[in-house]
Amino acid sequence: MTIALICVPEEWDDNGSLLFEEFCALIRTPQRTVRERRRCGRGPTWHRFNVNGAGTVAELRRFLRGGR
């Protein structure tokens with residue numbers, strides 16, 4: 001079995017915004033699963049942006065390192 005690593009490009013600014021849908025696509029996880037993990041306190045931090053959820057690239061990096 002091959003495990004594909006999820007990498008955030010180095011050139012992405014930590015302060016850059018990332019929509020919830022983009023985050024889920026990057027980590028290859030269904031939105032429903034990410035929402036449930038967040039509800040249980042194991043997911044990333046998100047903020048409301050218009051009608052969508054949005055987070056930062058820094059939060060994505062923290063989440064991938066296992067900081068949450």
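Modeller: Let's start with arginine 28, which sits in the loop between α1 and α2. Keep in mind that this is a predicted model. Arginine 28 comes after α1 and has a positive phi, near 55°, even though the residue is not a glycine. As a rule, most residues other than glycine have a negative phi. Is arginine 28 buried or exposed? Its relative accessibility is 55%, and exposed means over 50%, so arginine 28 counts as exposed.

Now step back into the helix that leads up to that loop. Helix α1 covers residues 20–27, and its buried residues are Phe20, Phe23, Cys24 and Ile27. Looking down the axis of α1, you'd find these buried residues within an arc of 95°, so they line one face of the helix. What do they pack against? The partners are β1 (17–19), α2 (31–39), β3 (52–56) and α3.

Two of those partners are helices, so here's a handy bit of background: a packed pair is described by the angle between the two axes and the distance between them. On the α1 side, Phe20, Glu21, Phe23, Cys24 and Ile27 make the contact, while α2 brings Gln31, Val34 and Arg35. Sorted by class, this contact has 5 nonpolar, 1 polar and 2 charged residues.

The pairing with α3 (residues 57–65) has its own geometry: an angle of about 35°, with the axes 12 Å apart. The crossing of α1 past α3 is right-handed. Here α1 uses Phe23, Leu26 and Ile27, and α3 answers with Leu60, Phe63 and Leu64. The class count for the contact with α3 is 6 nonpolar, no polar and no charged. So which α1 residues turn up in the α3 contact? Phe23 and Ile27 are among them, and both also belong to the contact with α2.

Finally, a look at α3 itself. Val57, Ala58, Glu59, Leu60, Arg61 and Phe63 are its buried residues, and they pack against β1, α1 and β3. Just past the end of α3 comes another positive phi, about 90°, this time in glycine 66.

Terms used:
Residues numbered from 1 in each chain as written. Predicted model: local features only at pLDDT ≥ 70, side-chain atom pairs only at ≥ 80, totals over all residues. Heavy atoms only, no water. Axes fitted to C-alpha atoms, helices over the stretch in contact; angles between N-to-C directions. Helix = DSSP H or I, 4+ residues; strand = E, 2+ residues; numbered from the N terminus. Left-handed = near helix turned anticlockwise from the far one by under 90°. Contact = heavy atoms within 4.5 Å. Nonpolar A, V, L, I, M, F, W, Y, C, P; charged D, E, K, R; others polar. Buried < 20%, exposed > 50% of the residue type's maximum accessible area, 1.4 Å probe, protein only. Arc of directions from axis to C-beta.
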